[in-house]
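Thanks for coming. I have one structure to go through today, and I will take it region by region. Here it is.

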Amino acid sequence: MTADVWLPLRPDEIEGLPAGPAYRFWDGAEDYPADPADCAFYVVPYMKPSPVGQRPLPEMAAVEVVQTLSAGTDHVEPGLRHLRPGVRLCNARGVHEASTSELTLALILASLRGIPDFVRAQDKGEWRGGFRPALADRNVLIVGYGSIGAAIEDRLVPFEVARVARVARSARTTARGPVHPLTDLSALLPDADVVVLSTPLTDETRHLVDASFLARMKDGALLVNVARGGIVDTKALLAELETGRITAALDVTDPEPLPPAHALWRAPGVLISPHVGGPTSAFLPRAKRLLVDQLTRWVNREPLRNVILTTGANPA
């Protein structure tokens with residue numbers, strides 16, 4: 001029997017897909033394109049609520065690969081408990097680095113240079129000048145130094161930042177310098193003018209940014225979250241923002257979407273974008289290249305890229 005591949009992009013719009021599988025288009029619609037039991041390679045619909053992407057998993061008895069089109073996989077991992085051992089979960093490393101790092105720089109610059117204030121003044125026809133902080137000569141701390149964190153640093157360097165400190169789950173050395181372990185985070189926070197969150201949401205990082213974390217940030221520092229809303233304790237962040245001691249630029253929030261009446265909308269010193277780090281014109285060509293490469297590897301029984309975990313395997 002020919003194996004089914006479920007794609008959230010139309011197969012006839014992806015040049016170079018390998019021959020062999022039966023490609024089925026499913027982007028989260030109520031009706032499935034075929035029997036989920038015949039699906040061997042499942043690409044999770046992009047930017048859909050978690051229950052949508054997880055819905056067919058209990059019926060996917062023959063699935064071998066679950067591929068996300070996002071860097072994070074927390075939205076699909078709870079559904080993996082329904083799958084047999086040996087199923088590989090792969091993320092979209094290489095797809096979102098350009099878009100997410102661009103937005104990160106946009107949020108930093110807009111927040112530091114007061115762009116939201118200029119827009120509000122323009123709406124009123126008011127000419128408001130003033131002295132604003134520059135990104136140049138600032139110390140930046142990147143919490144979560146994977147491929148997106150590295151791409152953010154690549155784009156920071158031309159802005160003449162004073163220093164970039166890097167934090168990841170474990171220590172290592174890169175061409176740009178050392179990466180500190182999470183255990184060093186407390187000591188690094190007081191020196192940072194800008195703190196960028198680009199770490200995956202895990203049990204270890206959920207509410208990593210709590211009252212203690214925020215209290216160690218220096219006066220006037222900017223917190224930028226382009227990772228997941230759950231990394232930040234929203235109540236603790238609101239308490240700090242209300243004092244005016246720090247500011248924040250958030251592409252992700254907890255809860256999300258942010259309800260219209262939520263206090264975060266009106267908190268002082270906050271710039272909010274509606275989780276748009278990934279969906280840009282850069283997404284589709286990179287997503288298509290990833291899918292062609294992964295499916296070609298899968299058809300030829302070659303090692304897959306970006307394997308995050310394998311069901312039933314003991315954690316490292």
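Predicted model: local features only at pLDDT ≥ 70, side-chain atom pairs only at ≥ 80, totals over all residues.

Residues are numbered from 1 along each chain as its sequence is written, and side-chain values use heavy atoms, with hydrogens and water left out.

Strand 3 first, residues 39-43. Helices here are DSSP runs of H or I with at least four residues, strands are runs of E with at least two, and both are numbered from the N terminus. Buried means under 20% relative accessible area, with exposed being over 50% and partly exposed in between, for a 1.4 Å probe and protein chains only. Strand 3 pairs in the parallel sense with strand 1, residues 4-7, over 3 bridges; pairing requires that DSSP finds at least two bridges between the strands. Y42 in strand 3 is the bridge partner of W6. Strand 3 also pairs with strand 4, residues 65-67, in the parallel sense and over 3 bridges. There, V43 has Q67 as its bridge partner.

Next, helix 4, residues 147-156. Why call this helix largely enclosed by the rest of the structure? Because 7 of its 10 residues are buried. Those are S147, I148, G149, A151, I152, E153 and L156. The cover over them includes helix 2, strand 6, strand 7 and strand 10, where contact means heavy atoms within 4.5 Å.

Now helix 7, residues 234-243. Its buried residues are T234, A236, L237, L238, E240 and L241. They pack against helix 6, strand 11, strand 12 and strand 13. At the N-terminal end, D233 caps the helix, with a side-chain oxygen 3.1 Å from the backbone nitrogen of K235. After helix 7 comes G244, with a positive phi near 80 degrees.

On to the loops. R228 sits between strand 11 and helix 7. Is R228 buried or exposed? R228 is buried, at 19% relative accessible area. Leaving out residues up to four places away in sequence, R228 touches S70, G72, D74, L201, V252 and H275.

H275 itself is in the loop between strand 13 and helix 8, and has a positive phi of about 50 degrees although it is not a glycine. N306, in the loop between helix 8 and strand 14, is not a glycine either and has a positive phi of about 60 degrees. N306 counts as buried, at 17% relative accessibility.

The loop between strand 12 and strand 13 holds P255 and also P257. The peptide bond from D254 to P255 is cis, with omega near 10 degrees. Another cis peptide bond joins E256 and P257, with omega about -5 degrees.

On a 1 Å grid over the protein atoms alone, a cavity is a set of points where a 1.4 Å probe fits but cannot get out; a pocket is an open set with protein on both sides within 12 Å along at least five of seven lines; and lining residues have an atom within 4 Å of a point. Points are joined across faces, edges and corners, and a volume is the space filled by probe spheres set on them.

How many cavities of 30 Å³ or more does the structure hold? The count is 2. Strand 6 gives the most to its lining, with 3 residues.

The second largest pocket has a volume of about 470 Å³. It is lined by 27 residues, and S111, T247, G269, V270 and L271 lie nearest its centre. Helix 2, helix 3, strand 12 and strand 13 each supply at least two residues of that lining.

That is the end of the list. I can take questions now.

Key. Polar contact = N/O pair within 3.5 Å; in protein donor to acceptor, adjacent residues only side chain to side chain.
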